[in-house]
Amino acid sequence: MSLLNTLFAGHKDGIPPEFSEAVAWAVDRVDPLLKQAGGYPDLYLESVAHAVKYAHVLAARVPGPVSISPESYARDPSVHAMFPFQTDLHLAMQRSQSMQEFFRNHPDVSAVYVLACMRRQSKPLFGMEVEGEILRRDVRQDAVYFVDYTLAAPGLSEAETRQCIARFFFECLIGKVANRIDARKQRKADLEQERDALLAQLRSASAEQWSACAQRLNLLLGRLADLVRTLELCHYHKHFERVLLSAENHLFLEQTEMSLDSMGIVRKPAAMDGNEMAFCDLIGRDSHRWTVAMLYCNQVRSRATTKERLENAQRWMGL
């Protein structure tokens with residue numbers, strides 16, 4: 001188990017002894033040179049501590065575990081809504097690097113807890129609806145469906161998986177710190193390009209144009225100087241603080257309630273053919289809204305992949 005894993009496995013209400021390793025990991029993720037700058041690691045302790053604690057709070061709020069089995073497809077409408085076909089989950093497992101690594105490390109395991117992330121989408125269509133005793137045709141409806149299934153943070157127990165989910169959320173937050181800095185580096189490059197263009201204009205400007213061009217250049221140089229200061233290593237801790245001390249604004253869960261029928265069509269609340277469902281959405285991981293849930297998948301090895309079936313057939317035939 002890595003030191004970062006140890007940190008999340010041992011987290012309680014206070015700061016664990018290995019907490020400095022979380023700071024080291026976060027700093028390495030953003031810029032390893034920060035370890036040579038003044039104030040390391042003390043300047044990062046408060047913001048990283050807040051992010052660690054918040055990640056655990058958020059992980060505890062992820063719904064589940066939702067049992068995935070042939071029986072749950074029949075009795076749980078939300079399972080059927082998220083995974084209309086049982087093959088959807090099996091294909092997601094085959095594509096998931098974290099799942100493949102988990103199976104390599106646990107070759108005899110037949111059950112797993114895992115975080116499922118998927119994008120919920122809707123599309124308009126026209127269908128039939130019964131209103132009282134009247135059958136209406138060509139009624140505009142909205143169909144809800146899910147795409148881009150992603151599995152992460154697998155574990156042998158619910159507790160272990162929630163620790164892995166907390167680590168996953170923490171890594172997302174540190175990624176946002178890195179993205180914030182990268183965005184400012186890109187802005188700096190854009191301003192430098194704009195500065196060079198203004199300098200070229202200034203050299204060829206007429207007497208009437210020179211004053212306005214020089215004023216624009218001075219304003220740009222002021223913005224560029226302010227931006228350059230924020231990109232000095234001694235100021236990087238402020239980027240950590242800006243994101244991590246307000247982590248709840250950058251990564252959060254939101255519940256969406258709706259009524260769906262067995263075909264995924266949105267129905268009015270309390271409709272006879274509708275099932276009331278609540279989906280939990282993760283917002284802020286990237287530009288998309290991800291519906292998330294912890295799954296409990298039993299007998300995950302009961303269905304062999306096409307490659308495994310072919311290899312078994314070849315061994316049986318002695319090829």
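Here come a few stops, taken in sequence order.

Some ground rules: this is a predicted model, where local features need pLDDT of at least 70, side-chain atom pairs count only at pLDDT 80 or more, and totals for chains, interfaces and linings use all residues. Residues are numbered from 1 along each chain as its sequence is written, and side-chain values use heavy atoms, with hydrogens and water left out.

Start by selecting Tyr40 and Pro41: the peptide bond joining them is cis, with omega about 5 degrees. Pro41 sits in the loop between α2 (19-30) and α3. (Helices here are DSSP runs of H or I with at least four residues, strands are E runs of at least two, and both are numbered from the N terminus.)

Next, select 42-60, which is helix α3: 19 residues reaching 28 Å from first C-alpha to last, close to the 27 Å expected at 1.5 Å a residue. That expected span is 1.5 Å times one less than the number of residues. Its buried residues include Tyr44, Val48, Val52, His56 and Leu58. (Buried means under 20% relative accessible area, exposed over 50%, partly exposed in between, using a 1.4 Å probe and protein chains only.)

Move on to Gly64 and Pro65 for another cis peptide bond, omega near 5 degrees. Pro65 is in the loop between α3 and β1 (66-68).

Last, jump to strand β3 (residues 134-155) and pick Asp148. Its phi is positive, near 55 degrees, and the residue is partly exposed at 39% relative accessible area. Ala153, also in β3, has phi near 55 degrees too, but is buried at 10%. Most residues other than glycine have a negative phi, and most peptide bonds are trans.
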